Amino acid sequence: MTYSIVARDAATGQFGIAVASRFFAVGAIVPHMAGGVGAIATQAFISPLYGTDGLKMLQSGASAEEVVAAMTGRDAGAHSRQLHVMDAAGRSAAFTGEKCVPWAGHLIADGVSVAGNMLAGPQVLDDTLQAYLDHPQKAFADRLLTAMEAGEAAGGDKRGKQSAALKIVRGEAYPWLDIRTDDHPDPLPELRRLMTVAAERFLHVAETLPTSDNVSGMLDRTVIDLKIAQLEAERIKEGRPSASFATPLT
């Protein structure tokens with residue numbers, strides 16, 4: 001009931017998953033990932049264990065193919081499930097059960113995979129993948145959303161639209177960006193708006209968060225505060241409205 005993209009940004013090593021569906025809160029159950037470990041999208045007649053247990057295998061050094069084989073091989077319901085996996089080395093593997101509701105399938109290219117079920121047709125995945133491959137110059141988050149928008153333009157989930165999500169990890173287990181539209185008449189444009197809001201303040205503050213290499217994080221926020229103030233001043237000078245519905249902080 002979903003289509004999604006799993007990718008690794010070659011320049012940074014970041015992993016990202018974007019997903020859309022005519023299903024409530026698809027971002028709560030489809031994407032599973034950890035920085036330096038890999039990424040898994042589990043969908044169709046979903047098994048969250050494909051994500052949680054699959055990540056444990058990736059953490060232990062298993063390849064994407066080994067995860068797919070293990071998760072589907074033990075599961076009597078695999079015929080109705082779908083997943084695609086990327087390991088720490090950027091290798092991809094995917095599975096689409098024979099009883100997934102048509103149209104269903106998956107595609108794999110260098111550093112990226114796409115998969116979907118209950119779609120308007122194969123063009124959804126063709127266009128999603130091609131849009132990702134055609135825009136290597138875009139920032140990673142923008143590139144993932146551009147790909148999903150192309151899939152929607154090709155028909156997306158044949159039942160309609162309801163929710164979408166975008167999740168990116170850098171080198172940590174926690175996400176650098178994790179935004180969702182759980183119930184919305186036009187979820188992908190709303191997701192893009194949220195990404196714009198995140199860029200106004202949140203992603204700058206995210207640079208201060210503790211990491212495995214610096215467990216105290218950046219305690220002096222002066223540089224970040226200055227950058228946010230400069231961006232806000234530029235927005236006001238250019239007459240651009242804030243993307244956030246909330247009153248901007250001062």
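Two strands pair if DSSP finds at least two bridges between them. Keep that in mind for this tour of a predicted model.

**Stop 1: the sheet of six strands**

Select strands β7, β8, β1, β2, β9 and β10. These six strands form an open sheet, in the order β7-β8-β1-β2-β9-β10, and their pairing is antiparallel. Which strands stand at the edges? They are β7 (105-109) and β10 (177-181); each has a single partner strand, so one side of each is left without a neighbour in the sheet. On average, and with direction ignored, neighbouring strands here are turned by 5° against each other.

To see a facing pair, pick Lys167, which stands opposite Asp178 in β10.

**Stop 2: the helices on that sheet**

Helix α4 lies across β1 (2-8), β2 (15-21), β9 and β10. Compared with β1, helix α4 runs at about 150°.

**Stop 3**

Go through the pairs one by one. Strand β3 (residues 31-34) pairs with β4 in the antiparallel sense over four bridges. Within this pair, Met33 stands opposite Ala39 in β4. Three residues lie between the strands in the hairpin of β3 and β4, and there Gly36 takes a positive phi near 75°.

Move on to β5 (residues 81-87). Seven bridges join β4 to β5, and the two run antiparallel. Click on Ala44 to find the residue that stands opposite Arg81 in β5. Gln82 has Thr96 in β6 as its bridge partner.

Is strand β4 largely enclosed or open? Buried means under 20% relative accessible area. Seven of the seven residues of β4 are buried, so the strand is largely enclosed by the rest of the structure.

**Stop 4: two helices that cross**

Finally, select helix α1 (residues 48-59) and helix α2 (residues 64-73). Two packed helices are described by the angle between their axes and the distance between the axes. The axes of α1 and α2 come within 10 Å and cross at roughly 135°. That angle makes α1 oblique to α2. The crossing is right-handed.

Show side chains at the contact. On the α1 side, look for Leu49, Tyr50, Asp53, Gly54, Met57 and Leu58; in α2 they meet Ala64, Glu66, Val67, Ala70, Met71 and Thr72. The residues of this contact divide into eight nonpolar, two polar and two charged.

Definitions and conventions:
Residues numbered from 1 in each chain as written. Predicted model: local features only at pLDDT ≥ 70, side-chain atom pairs only at ≥ 80, totals over all residues. Heavy atoms only, no water. Buried < 20%, exposed > 50% of the residue type's maximum accessible area, 1.4 Å probe, protein only. Axes fitted to C-alpha atoms, helices over the stretch in contact; angles between N-to-C directions. Parallel < 35°, antiparallel > 145°, perpendicular 65-115°, else oblique. Left-handed = near helix turned anticlockwise from the far one by under 90°. Contact = heavy atoms within 4.5 Å. Nonpolar A, V, L, I, M, F, W, Y, C, P; charged D, E, K, R; others polar.
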